[in-house]
Amino acid sequence: MSELTHFDILVVGGGMVGSALALGLSRQGWNVGLVEGSDRKTLLQEPAPASDVDGFDPRVSAISVASQHLLQQLDVWSNITAGRHCPYQTMTVWDGDGTGRIQFEAAELRAPALGTIIENRRIVRALFTALADSNVELIDGVKVTGWWQDRNTRGIRLEDDRMLAAQLVVAADGAHSRLRQWVGLPTREWDYDQQAIVCTVRTAQSHRFTAWQRFSPTGPLAFLPLLTESGDEHFCSIVWSQDTEEARRLMALDDDAFRAELENAIERELGSVEVVSRRYAFPLRQRHAKDYIATGFALMGDAAHTIHPLAGQGANLGYGDVRALLDELLRARKAGIDPDNDLVLARYQRRRKGENLTMMAAMEGFKQLFGRDELSVRWLRNTGMRWLNQLGPIKNRIAAEAMGLDA
């Protein structure tokens with residue numbers, strides 16, 4: 001057997017969630033290793049300035065205020081926002097088959113923004129820049145090929161035959177987590193029979209620092225505001241979730257036809273769609289691990305749960321996991337308790353499982369509500385949206401909880 005390299009905690013997966021966890025753990029004084037399949041030079045590369053739709057990363061996240069607070073505590077937020085990002089002050093949601101419309105305003109919540117749209121690669125770059133100055137041992141550019149454990153320790157095998165051991169292994173290796181499968185933590189999952197189309201567009205009118213979302217029976221369409229370095233307000237990232245057959249039809253269109261479909265779908269709220277970038281489509285599947293923990297092992301982020309993108313909460317749920325595990329492990333360290341302690345991990349699971357399931361159930365309810373076309377259901381949801389839009393305190397409380405403004 002190859003010589004073992006030992007850590008207190010080993011994090012597998014250096015995306016937005018795993019790299020944030022590793023950085024936070026190192027600040028607490030743990031001996032941390034982070035395994036990431038991509039090369040660090042690629043992750044640290046400064047994105048080129050965006051002057052057109054192809055300059056933006058098609059993968060963006062709507063970072064809530066609660067997630068912003070976490071990134072500020074990790075001292076990476078100022079690095080993230082030194083580059084292009086777009087805080088949004090308004091969120092407008094409406095039913096494409098009715099008259100129901102609801103609008104959330106940051107000003108009503110006495111907040112500077114409801115959240116911030118940021119390209120994923122910019123978040124990862126800021127985290128890896130901080131990791132380079134931390135005590136985290138980064139093992140990059142290599143794949144994980146196996147899992148092993150004995151009575152007192154456990155670890156992973158890498159494709160170059162290195163063996164890494166730790167008291168606690170945290171899997172942040174994505175929705176198709178191999179570690180989750182090797183450890184034997186089953187999931188409940190189902191296919192939405194939808195695909196999400198993502199791309200960047202330029203519109204004739206300014207987005208007005210507003211996140212727009214229109215619901216239709218075949219799925220929701222979101223226009224998320226972007227800003228160039230020069231402050232151009234005419235770019236948006238779109239996420240268009242549609243039933244699989246409809247998504248395939250849309251993907252097969254040429255750019256001119258697709259732009260026309262987009263204009264109709266968003267009801268020309270931003271005028272004409274002038275330019276569209278390359279489009280990507282990926283299938284939507286909801287997934288939730290029955291347990292987040294095993295002996296000396298924990299799941300986090302998409303490895304533990306994936307959610308429909310209609311509310312843009314995927315990254316924020318992952319950062320909620322990071323906050324909870326950091327809290328529990330800091331408490332353990334102060335008490336002289338090992339990181340693989342069963343009670344420590346059980347508290348992490350208890351804190352996160354209920355909250356994640358609640359959000360997943362809410363998103364499933366929204367999807368079902370807006371996916372039904374019966375006249376009575378359309379009347380109910382449109383009446384409900386108009387009624388809620390008039391109830392400021394209740395509406396603002398919902399917005400505050402969703403965006404983490406009171407966290």
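**Cores, sheets and aromatic pairs**

Student: Which residues touch the most other members in the largest nonpolar core?
Tutor: In that core of 68 residues, V11, L21, L25, V76, L127, I156 and Y319 touch the most other members. Helix α9, residues 314-334, gives the most to this core, namely eight residues. A nonpolar core here is a set of buried Ala, Val, Leu, Ile, Met, Phe, Trp, Tyr and Cys residues joined through side-chain atoms within 4.5 Å. Buried means under 20% relative accessible area, exposed over 50%, and partly exposed in between, with a 1.4 Å probe and protein chains only.

Student: And what is this model based on?
Tutor: This is a predicted model, in which local features need pLDDT of at least 70 and side-chain atom pairs count only at pLDDT 80 or more, while totals for chains, interfaces and linings use all residues. Residues are numbered from 1 along each chain as its sequence is written, and side-chain values use heavy atoms, with hydrogens and water left out.

Student: Back to the core, then. What is L21 in contact with, leaving aside its neighbours within four places in sequence?
Tutor: L21 is in contact with V11, V170, M300, V322, L325 and L326, where contact means heavy atoms within 4.5 Å. There is also a second, separate core of 25 residues, whose members include V53, A111, I117 and L284.

Student: How many helices and strands does the protein have?
Tutor: The protein has 12 helices and 20 strands. Helices (H or I, at least four residues) and strands (E, at least two) are DSSP runs, numbered from the N terminus. Buried residues make up 55% of its 407 residues. Among contacts with a separation of 6 or more, 73% are between residues 24 or more positions apart.

Student: Let us turn to β11. Is the strand mostly covered or mostly uncovered?
Tutor: Strand β11, residues 163-171, is mostly covered, with eight of its nine residues buried.

Student: In which sense does β1 pair with β11?
Tutor: Strand β1, residues 4-12, pairs with β11 in the parallel sense over eight bridges; two strands pair if DSSP finds at least two bridges between them. F7 stands opposite A166 in β11. Strand β10, residues 154-158, runs antiparallel to β11 and is joined to it by four bridges. R154 also stands opposite A166 in β11.

Student: Which residue takes a positive phi in the hairpin of β10 and β11?
Tutor: D161 does, with a phi near 75°, and the hairpin has four residues between the strands.

Student: New topic. How many aromatic pairs does a search of the whole structure find?
Tutor: The search finds five. In the pair of W94 and W212, the ring centres are 6.4 Å apart and the planes at 90°, so this pair is edge-to-face. W94 is in strand β5 (residues 90-95) and W212 in strand β13 (residues 210-215), so the pair ties together parts 118 residues apart in sequence. W94 is buried at 2% relative accessibility, and W212 is buried at 5%.
Tutor: W147 and F297 also form an edge-to-face pair, 5.4 Å centre to centre with 70° between the planes. This pair links W147 in strand β9 (residues 144-149) to F297 in strand β19 (residues 297-299), 150 residues apart. W147 is buried at 16% relative accessibility, and F297 at 0%. Rings of Phe, Tyr and Trp (its six-membered ring) pair if their centres lie within 6.5 Å; planes under 30 degrees apart count as stacked, over 60 as edge-to-face and the rest as tilted.

Student: Finally, H288. Where is it found?
Tutor: H288 is found in strand β17, residues 280-289, and is buried at 6% relative accessible area. The side chains of H288 and Y292 are joined by a polar contact of 2.7 Å. A polar contact is a pair of N or O atoms within 3.5 Å; within protein, one must be able to donate a hydrogen and the other to accept it, and residues adjacent in sequence count only if both atoms are side-chain atoms.
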